[in-house]
Amino acid sequence: MTKPTETPSPERSAVMRAVRGRDTTPELLVRRLLRSVAPGYRLHRKDIPGRPDVAYIGRRKAIFVHGCFWHGHDCARGARMPKANRPYWEAKIARNRARDAANLAALAERGWKALVVWECETKDEAALSERLLRFLAEAERV
């Protein structure tokens with residue numbers, strides 16, 4: 001078993017480098033669904049807390065597409081913890097969750113509404129599309 005202080009193997013480092021932080025398959029699916037009903041969004045805006053995956057500036061709406069494992073979702077994929085270097089991964093995911101909560105709080109302070117779409121939710125496109133439409137319709141009523 002790898003100790004938390006050991007440097008990862010070159011193979012592990014290569015695998016981790018290959019994990020993308022933007023333009024992931026779930027994110028592309030969400031953008032495809034949004035493009036047909038509500039174009040005009042912006043991507044990865046650095047001037048918005050948390051750098052949301054999708055932002056509607058005028059509506060003050062932000063959409064985050066989270067990977068279940070990386071952000072500690074309570075589904076089967078998110079609850080699965082690697083056996084090797086477990087303390088490292090537990091701490092990393094806890095930091096990610098704390099950062100996500102801080103970003104959502106910062107958005108709320110600025111008067112933004114945020115929606116988190118989990119990777120596992122992208123499997124049911126019809127339900128996801130309905131959820132996105134409801135979230136965007138909220139903006140129209142404000």
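Guide: Gladly! Let's start with strand β2 (residues 54-56) and β3, which pair in the antiparallel sense over three bridges. This is a predicted model, in which local features need pLDDT of at least 70 and side-chain atom pairs count only at pLDDT 80 or more, while totals for chains, interfaces and linings use all residues. Residues are numbered from 1 along each chain as its sequence is written, and side-chain values use heavy atoms, with hydrogens and water left out.

Visitor: How do strands of a sheet hold on to each other?

Guide: Strands of a sheet pair through backbone hydrogen bonds, either parallel or antiparallel. This model has both kinds: its open sheet of four strands has the order β1-β2-β3-β4, with mixed pairing. For the parallel case, look at β3 and β4, joined by six bridges; K61 has K113 as its bridge partner in β4.

Visitor: Why are β1 (42-43) and β4 (113-118) called edge strands?

Guide: Each of them pairs on one side only.

Visitor: Why is β3 described as largely enclosed?

Guide: Buried means under 20% relative accessible area, exposed means over 50%, and partly exposed is in between (1.4 Å probe, protein chains only). Six of the six residues of β3 are buried, so the strand is largely enclosed by the rest of the structure.

Visitor: Which charged end sits over the ring of F135?

Guide: That of K61, at 4.2 Å from the ring centre. The rule asks for NZ of Lys or CZ of Arg within 6 Å of the ring centre and within 35 degrees of the ring normal. R59 is listed too, with its charged end over the ring of Y56, 5.2 Å from its centre.

Visitor: How many aromatic pairs are there, by the rule for rings?

Guide: Rings of Phe, Tyr and Trp (its six-membered ring) pair if their centres lie within 6.5 Å; planes under 30 degrees apart count as stacked, over 60 as edge-to-face and the rest as tilted. By this rule the count is five. One of them is F69 with W89, 5.6 Å centre to centre with 55° between the planes, and it is called tilted. F69 lies in the loop between β3 (61-66) and α3 (76-79) and W89 in helix α4 (residues 86-109), so the pair ties together parts that are 20 residues apart in sequence.

Visitor: Why is the pair of Y88 and W89 called edge-to-face?

Guide: Their ring centres are 5.1 Å apart and their planes stand at 80°, so the pair is edge-to-face. Ring pairs link F69, W70, Y88 and W89 into a cluster.

Visitor: Are Y88 and W89 buried or partly exposed?

Guide: Y88 has a relative accessible area of 35%, so this residue is partly exposed. W89 has 9%, so W89 is buried.

Methods: Helices (H or I, at least four residues) and strands (E, at least two) are DSSP runs, numbered from the N terminus. Two strands pair if DSSP finds at least two bridges between them.
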